Amino acid sequence: MKIVAVEKGKSLVATTSPPLPRRLLVAATVAAVGAFSALMVMPDANAAASTLGAAAAQSGRYFGTAVAASRLGDSTYSTIAGREFNMITAENEMKPDATQPQRGQFTFSSGDQIYNWATQRGLQVRGHTLAWHAQQPGWMQNLGGSSLRQAMIDHINGVMAHYKGKLAAWDVVNEAFNEDGSRRNSNLQGTGNDWIEVAFRTARAADPSTKLCYNDYNIENWSYGKTQGVYNMIRDFKSRGVPIDCVGLQTHFTGGSSLPGNFQTTLQNFAALGVDVALTEVDVTNASTSQYAGLTQACLNVPRCIGITVWGVRDSDSWRASENPLLFDRSGAKKAAYTSVLNALNGAGPTPSSPAPSGSSNPGGAGRIVGAQSGRCIDVPSASQTNGTRVQLYDCNGQTNQAWTLTSSRQLTVYGSRCLDAAGSGNGAAVQIYACNGQANQQWNVNANGTITGVQSGRCLDVWGTGNGQQVQIYDCNGQANQRFSLS
Ligand code: G3I
């Protein structure tokens with residue numbers, strides 16, 4: 001909580017409704033400062049967050065975990081998972097053997113169990129994984145050539161149709177490279193070297209709303225052959241327009257691997273190709289605090305590193321349980337590594353993460369914010385300049401009350417002095433204009449997928465309808481078209 005004295009006579013809006021003790025504090029302070037000032041009450045963007053998800057959200061990132069459906073009935077497990085994390089990956093339940101056990105017969109019961117558990121708690125979900133040499137159903141393992149190629153395409157279409165519009169990202173292709181940077185000699189590779197790009201093109205057509213990732217392990221060390229092999233493929237894809245949005249670095253620093261000194265360089269170099277990067281399956285032998293803090297800081301130092309996922313909750317839940325590689329011990333207590341990660345995340349402060357995607361932002365120049373669903377512009381009603389005026393959708397008209405500027409500090413300004421401002425951080429909080437004040441509730445990440453997320457809340461700009469006068473709010477990001485906008 002930050003209490004800011006402002007000149008009497010200026011209009012005041014409390015961005016949050018303080019609970020009673022806070023009100024008493026405010027009242028006492030009002031009395032103390034006397035007749036020449038009043039108080040504006042604002043959340044303190046620099047207050048330390050107490051969970052991993054909330055701490056990561058301060059910089060526009062997420063902090064996730066892999067979840068096993070079979071463990072959700074364990075209350076210690078589900079309590080920690082629901083409290084600490086805001087991104088969930090199904091550890092096994094969305095893989096090919098789980099989702100299409102017989103050819104043409106899709107089953108989503110376990111995957112949906114995880115999806116429903118997560119979204120009922122307001123958590124986002126990453127899809128893992130569609131095309132992989134491992135965990136193929138038996139019928140797929142026995143296919144080859146054009147039959148397997150078609151089976152892969154059918155599988156991607158079938159699974160992505162079920163989760164269409166629901167997932168933050170999909171690991172479209174998993175672990176397709178050898179350690180020396182050549183392609184892994186799998187049955188999928190046997191269908192032709194173009195199988196990976198076919199998978200990505202199929203995926204984009206199946207669900208244009210979700211981010212499409214290539215995911216692999218041992219690609220954290222920049223000078224390693226496998227890293228170079230994957231990097232060259234991503235560079236090639238970007239140069240030829242193959243649809244790819246992100247690279248997942250699994251970051252298994254177990255089984256003899258450890259944090260390389262050039263990890264941040266690797267993240268930066270991938271990001272420079274025009275993709276997001278994410279740490280997707282983190283675990284570290286004996287949960288070394290220095291390695292956990294180091295990998296977290298490396299992500300925080302790279303604007304397009306959008307989030308971190310650990311591969312399990314407690315040590316006993318890990319695929320490498322004997323190495324005790326996670327952030328919670330077997331009883332569910334926070335380990336020293338947990339604190340090292342939380343402190344690193346809190347140290348990042350409100351600095352936003354994703355840079356605006358090229359072509360959709362306009363730092364320094366005013367432009368329109370157009371809703372993808374409505375085709376209408378974000379508009380300040382009646383060209384009001386009054387603090388607290390709620391913004392709406394309206395037919396685009398080129399007037400100054402629809403002209404927004406994305407600044408280098410992530411503000412969206414209108415009329416030069418007013419900022420797009422979230423009047424709270426919960427679902428349904430109004431989005432209004434207010435005098436620019438540098439707080440996190442006035443900072444926005446313009447994301448590659450068309451969403452605009454509040455740095456303070458982590459929630460998306462959202463409208464419930466398409467007509468003139470429809471008011472804008474923030475709401476949990478859900479991948480729908482009413483949460484996508486273009487800056488032009
Ligand atoms: O559920 C069955 C159980 O009924 C049976 O009795 C038992 C016998 O072994 O197996 C159980 O299934 C196991 C499953 O995990 C659930 O525990 C599988 O054998 C086992 O192979 C499977 O391992 C998973 C592994 O992927 C398979 O490749 C791990 O849980 C999962 O953590 C791991 O995750 C992978 C990522 O997807 C990709 N990156 C590497 C990462 C770690 O290997």
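**Why is it called that?**

Guide: Welcome! Ala 287 sits in the loop between strand S10 (276-284) and H11. The model is a predicted one, where local features need pLDDT of at least 70, side-chain atom pairs count only at pLDDT 80 or more, and totals for chains, interfaces and linings use all residues. Helices (H or I, at least four residues) and strands (E, at least two) are DSSP runs, numbered from the N terminus.

Visitor: Why is Ala 287 called buried?

Guide: Its relative accessible area is 5%. Buried means under 20%, exposed over 50% and partly exposed in between, using a 1.4 Å probe and protein chains only, so Ala 287 counts as buried. Ala 287 also has a positive phi, near 50°, in a residue other than glycine.

Visitor: And what makes Gln 135 partly exposed?

Guide: Gln 135 has 27% relative accessibility, so it falls in that middle range. This residue lies in the loop between S5 and helix H6 (138-141), and has a positive phi of about 50° although it is not a glycine.

Visitor: Why are H11 and H12 called roughly parallel?

Guide: Helix H11 (residues 289-300) and helix H12 (residues 336-347) pack at an angle of about 25°, with axes 8 Å apart. Axes are lines fitted to C-alpha atoms, for helices over the stretch in contact, and angles run from 0 to 180 degrees between N-to-C directions. Angles under 35 degrees count as roughly parallel, over 145 as roughly antiparallel, 65 to 115 as roughly perpendicular and the rest as oblique, so this pair is roughly parallel.

Visitor: Which residues make the contact?

Guide: Among them are Thr 289, Tyr 292 and Leu 300 of H11, and Ala 336, Ser 340 and Leu 345 of H12; contact means heavy atoms within 4.5 Å. By class, the contact has eight nonpolar, four polar and no charged residues. Here Ala, Val, Leu, Ile, Met, Phe, Trp, Tyr, Cys and Pro count as nonpolar, Asp, Glu, Lys and Arg as charged, and the others, Gly among them, as polar.

Visitor: How do you know that strands S17 and S18 pair?

Guide: Two strands pair if DSSP finds at least two bridges between them. Strand S17 (residues 412-414) and strand S18 (residues 418-422) have two bridges, so they pair, in the antiparallel sense. Val 414 stands opposite Arg 418 in S18.

Visitor: What makes S12 and S19 edge strands?

Guide: The open sheet runs S12-S16-S17-S18-S19, with antiparallel pairing. Strand S12 (366-367) and strand S19 (431-435) each pair on one side only.

Methods:
Residues are numbered from 1 along each chain as its sequence is written. Side-chain values use heavy atoms; hydrogens and water are left out.
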